[in-house]
Amino acid sequence: MVLSRQILFTGYDAIGFIAVVAMLAGISVVVQAQVWMGRLGQSELLGPLLVTVIVREVGPLLVNFIVIGRSATAMAAELAGMKVRREVDVLDAQGLDPLAFLVMPRAISMALCVFGLAVLFILFSFFSGYLSGAFLQTGPTDPAIFVRSVMRGVAPADFYNVLAKTLLPGLVIGVIAANEGLSVEGVATDVPQAVTRTVTRSNLAVLIISVIISILTYM
Amino acid sequence: MQEQTSILEFREVTIRAGALQTTGMRDVDFSMIRGDIALVMVEEGHEHLPLAPLAQGLLTPDDGKVYFEGECWEDAGPGRQSMMRGRTRRVFGHYGWVTNLDMMENLCLAESHNTQRPLEDIMQEVRSLARRFGIDEVPEARPTRVHPLILRKLEWVRAFVGSPRLIILERPFLGAPKADGARLIEAVCEAAKRGVAVLWISDEPRVFEFRDWTCVRRFRMNGDKMLAEESNKGTST
């Protein structure tokens, strides 16, 4: 029940916003890449460049940041509110372990949603990039050529990279948000501070994890 | 005849008044077996007695031990404690609902989480108990959208769902219509006959003076001491 609701809120409800951001990012990155690669006469490097920028870095990072801003803050505020209203005590008194009932489903759903949203982000980015390139005549009009170009740049390591840069930070974001929310000690004025700490700590954690995974994957 | 199984036992329990509880307790020593009803009368101004959280292992006493079904709360790990609490039910002295769940989810939560019973079966029992307490339809809304009078009676419903070993009632008449009090007392007596131990904490003399209790033991808080009064082993009429 809790897991499905969290997936609905963090994942399904965010698809529209993620699609818009991905489309805009796709247009911006893909069109620029196509223009500059064409000018440099390195059009064959378009695929690897797009994969490097969107699949390895921009996609997972942006999705993590969006999920922090949209869902982790809401999660921290919700749990902090529950703590203030003593609802966590009510759960505990009914034999529901707050860690198992509140924290675990939220952390797991966050990880799954960040992964799913990152995959959608990458697909939407490429799709919008292809459409805008074809429309502005800066890239191939044949979708097969575009797809082949991208696929040439994809290595098996990219798959593991996307997995690691979404599942792991997603889990960490969920744990940080839940922990900050539940650390509030019964005072409503502590709720905004818990939300602020969630944002700063989650952003920092995502960047650190992203750098470490990039180093481990590609060095 | 009820089996003489200890359900709840306080052994020389002392807890000092502090930030979390406004009322302290000293050398509290009592036990409850299956089918026992214990009425604890608290003094005005000392309603926030930490008896319920101690009985559920949510608070650790400064001295002494609390046992539930022969097992000391302090000796049980967090997972075991949750399982043990799953066999208790409670009407809370403070707000007792989870606001992001609707009423039916709230009412079924403990039973569905702590047992293997099908949800539909639990929901049916909830509806039946609600009718017993004068609520024809369980509201579908979340608790913040439900009238406080209905909310209080729904707390009674939740306390009787399933087969708990111990029911703790913290001032259950607070905010409830007086006319419905008899229904709760009747339900408590029936639960006791089934072997449920009931710990009733009240600041209302009418609960203490009610004579038709079965197997009732009366205690009165005098400062931080709990004093036992005469017991009534008669049967309910």
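## Chain B at a glance

Chain B contains seven helices and ten strands. Its radius of gyration is 17 Å, close to the 18 Å that the globule rule gives for 237 residues, so chain B is as compact as a globular protein of that length. Please keep in mind as you look around that this is a predicted model.

If you take the contacts in chain B with a separation of 6 or more, 69% of them link residues 24 or more positions apart.

## Strand β3 and its two partners

Is β3(B) mostly covered or mostly open? It is mostly covered, with five of its five residues buried. Ile37(B), Leu39(B) and Met41(B) lie on one side and Ala38(B) and Val40(B) on the other, and both faces are covered.

Which strands pair with β3(B)? One is β8(B), joined in the parallel sense over five bridges, and here Leu39(B) has Trp200(B) as its bridge partner. Another is strand β9 (residues 216–222) of chain B, also parallel and over five bridges; in that pairing Ile37(B) stands opposite Val216(B).

## The four-stranded sheet of chain B

Chain B also has an open sheet of four strands, in the order β2-β1-β4-β5, and its pairing is antiparallel. The edges are held by β2 (25–33) and β5 (71–72), each with a single partner strand, so one side of each is left without a neighbour in the sheet.

Strand β1 (residues 6–15) of chain B meets β2(B) over six bridges in the antiparallel sense. As a landmark, look for Ser6(B), which stands opposite Ile33(B) in β2(B).

## Helices of chain A packed together

Now turn to chain A and its helix α5 (residues 98–136). This helix packs with helix α7 (residues 156–182) of chain A at an angle of about 145°, with the axes 7 Å apart, and the crossing is right-handed. On the α5(A) side the contact includes Leu102(A), Met110(A) and Phe115(A), while the α7(A) side includes Leu163(A), Gly170(A) and Val175(A). By class, the residues of this contact are 19 nonpolar, three polar and one charged.

Helix α3 (residues 46–84) of chain A packs with α5(A) too, at an angle of about 145° and with axes 9 Å apart. That crossing is right-handed as well. Among the residues involved are Val63(A), Val67(A) and Ser71(A) of α3(A), along with Val114(A), Leu117(A) and Phe121(A) of α5(A). The residues of this contact divide into 16 nonpolar, four polar and one charged.

Ala14(A) sits in the loop between α1 (2–10) and α2 (15–39) of chain A. Is Ala14(A) buried or exposed? It counts as buried, because 22 C-beta neighbours lie inside 10 Å.

Leaving aside neighbours within four places in sequence, Ala14(A) is in contact with Arg70(A), Ser71(A) and Leu117(A). Val67(A) is 53 residues away along the chain, yet its C-alpha atom is 8.3 Å from that of Ala14(A).

## Where the two chains meet

How many residues of each chain take part in the contact between A and B? There are 13 from chain A and 21 from chain B. Helix α4 (residues 87–93) of chain A gives the largest share of the chain A side, with six residues. That side of chain A has four nonpolar, two polar and seven charged residues.

Methods: Residues are numbered from 1 along each chain as its sequence is written. Chains are lettered from A and ligands numbered from 1 in the order in which they are written. This is a predicted model: local features need pLDDT of at least 70, side-chain atom pairs count only at pLDDT 80 or more; totals for chains, interfaces and linings use all residues. Axes are lines fitted to C-alpha atoms, for helices over the stretch in contact, and angles run from 0 to 180 degrees between N-to-C directions. Helices (H or I, at least four residues) and strands (E, at least two) are DSSP runs, numbered from the N terminus. A crossing is left-handed if the near helix is turned anticlockwise from the far one by less than a right angle, and right-handed if clockwise. Two residues are in contact if their C-beta atoms, placed from the backbone, lie within 7 Å. Ala, Val, Leu, Ile, Met, Phe, Trp, Tyr, Cys and Pro count as nonpolar, Asp, Glu, Lys and Arg as charged, and the others, Gly among them, as polar. Two strands pair if DSSP finds at least two bridges between them. The radius of gyration is taken over C-alpha atoms; the globule rule is 2.2 Å times the number of residues to the power 0.38. A residue is buried if 20 or more other C-beta atoms lie within 10 Å of its own, exposed if 12 or fewer, and partly exposed in between; C-beta atoms are placed from the backbone.
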